[in-house]
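Have the model open alongside as you read.

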Amino acid sequence: MIAERLPGRPTVLLVGSVRGLADEVGPVQEQLVAFDPGVVAVSLSPEEAETLAQYFVGTPTEPVVPLSASEASHAVGLARIAEVQVPAPALLGAVDWATRAGRPVVGVDPPEDTYAEMFAAHIGYFELVRRTLRERQLVKRPPDVETPDEYALAWDRTMQPGAGSERLAQARDEFAADQVRGLGRTHPKVALVVDRERFDSFRRAFASGGPSA
């Protein structure tokens with residue numbers, strides 16, 4: 001886990017956690033307790049955040065989580081070096097903490113229809129083919145590294161085969177950062193929990209400033 005407080009309006013606690021890593025739930029929740037945000041933002045779409053809160057927090061049983069081939073491969077590869085859980089335990093832990101603390105939870109990634117438009121705008125045919133080939137490569141050969149942090153970053157580097165993918169990731173993270181800025185109108189402190197590989201991108205997005213929507 002990596003965390004940093006970003007000054008401004010709102011003051012943002014940016015927390016990056018390796019997706020699937022079980023032992024980061026406690027440290028993430030400790031960061032939230034110490035920061036005491038008015039709202040918790042997560043790097044999920046509004047639909048995904050609502051599903052997480054509805055079906056995985058405070059329920060007696062959890063539903064079966066369907067995984068794509070890439071998601072399953074990511075989990076299997078990470079399990080070679082650490083304990084893995086699905087769905088993303090750090091994000092689930094953040095939602096659980098916010099629910100118990102009476103703080104709202106907001107999914108700040110683009111809604112599904114908006115992301116589909118972003119994808120179509122940035123990913124052409126040849127890059128789509130390259131992304132598919134990279135995904136198949138990762139299914140067969142996950143990154144051979146020693147730490148979960150290295151794993152998350154190596155996986156992401158492999159999945160970003162071209163300029164279009166980089167622009168798509170930047171557009172997604174700038175959209176999410178702008179949603180967080182908008183939360184500053186009513187909440188002076190916002191916690192934002194993201195996948196580890198997106199941490200630096202979010203830092204750049206907040207540093208660039210820009211009006212909220």
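## Ground rules

This is a predicted model, so local features need pLDDT of at least 70 and side-chain atom pairs count only at pLDDT 80 or more, while totals for chains, interfaces and linings use all residues. Residues are numbered from 1 along each chain as its sequence is written, and side-chain values use heavy atoms, with hydrogens and water left out.

Helices (H or I, at least four residues) and strands (E, at least two) are DSSP runs, numbered from the N terminus. "Buried" means under 20% relative accessible area, "exposed" means over 50%, and "partly exposed" is in between (1.4 Å probe, protein chains only). The areas themselves come from the Shrake-Rupley method with a 1.4 Å probe, and for residues only the protein chains shown count as cover.

## Salt bridges

A salt bridge here is a side-chain nitrogen of Lys or Arg within 4 Å of a carboxyl oxygen of Asp or Glu. By that rule the count is eleven. Take D195 and R19: their closest N and O atoms are 3.5 Å apart. This pair ties together distant parts of the chain, 176 residues apart, with D195 in strand 5 (residues 189–195) and R19 in the loop between strand 2 (11–17) and helix 1 (25–35). D195 is buried, at a relative accessible area of 13%, while R19 is partly exposed at 27%.

R103 and D36 make another bridge, with 2.7 Å between the closest N and O atoms. They also link distant parts of the chain: R103 is in the loop between helix 4 (89–101) and strand 4 (105–107), D36 is in the loop between helix 1 and strand 3 (39–42), and 67 residues separate them. Both ends are partly exposed, R103 with a relative accessible area of 25% and D36 with 38%. Then there's D173, bridged to R172 at 3.1 Å between the closest N and O atoms. D173 is buried, at 2% relative accessibility. Shared partners join D109, R172, D173 and R198 into one salt-bridge network.

## Surface patches

Patches are made of residues with over 30% relative accessible area and no salt bridge, where like charges are joined within 9 Å and nonpolar side chains (Val, Leu, Ile, Met, Phe, Trp, Tyr) within 5 Å. Lys and Arg count as positive and Asp and Glu as negative, with His and the chain ends not counted. A charge is placed at NZ of Lys, CZ of Arg, CG of Asp or CD of Glu.

Which residues form the negative surface patch? They are E47, E48, E50, E112, D113 and E117. Helix 2 (46–56) and helix 5 (112–122) are the elements that give two or more residues to the negative patch. E117 sits in helix 5 and is exposed, with a relative accessible area of 57%.

There's a nonpolar surface patch too, made of Y125, F126, V129 and L133, with about 460 Å² of accessible area together. Y125 belongs to helix 6 (residues 125–140) and is exposed at 60% relative accessibility.

Helix 9 (residues 199–207) has F199, S201, F202, A205 and F206 buried. Looking down the axis of helix 9, the buried residues fall within an arc of 160 degrees, so they line one face of the helix; the arc is that of the directions from the helix axis to the C-beta atoms. On the other side of helix 9, R204 and A207 are exposed.

## Sequence versus space

A171, in helix 8 (residues 163–183), is buried with a relative accessible area of 19%. A171 and M118 are 53 residues apart along the chain, and their C-alpha atoms are separated by 7.6 Å.

V39, in strand 3, is buried at 1% relative accessibility. V39 and V25 are 14 residues apart in sequence and 18 Å apart in space, C-alpha to C-alpha.

Where are the cis peptide bonds? One joins R9 and P10, with omega about 0 degrees, and P10 lies in the loop between strand 1 (2–6) and strand 2. Another joins V86 and P87, with omega about -5 degrees; P87 is in the loop between helix 3 (69–78) and helix 4.

D36 turns up again here: this residue has a positive phi of about 55 degrees although it is not a glycine.
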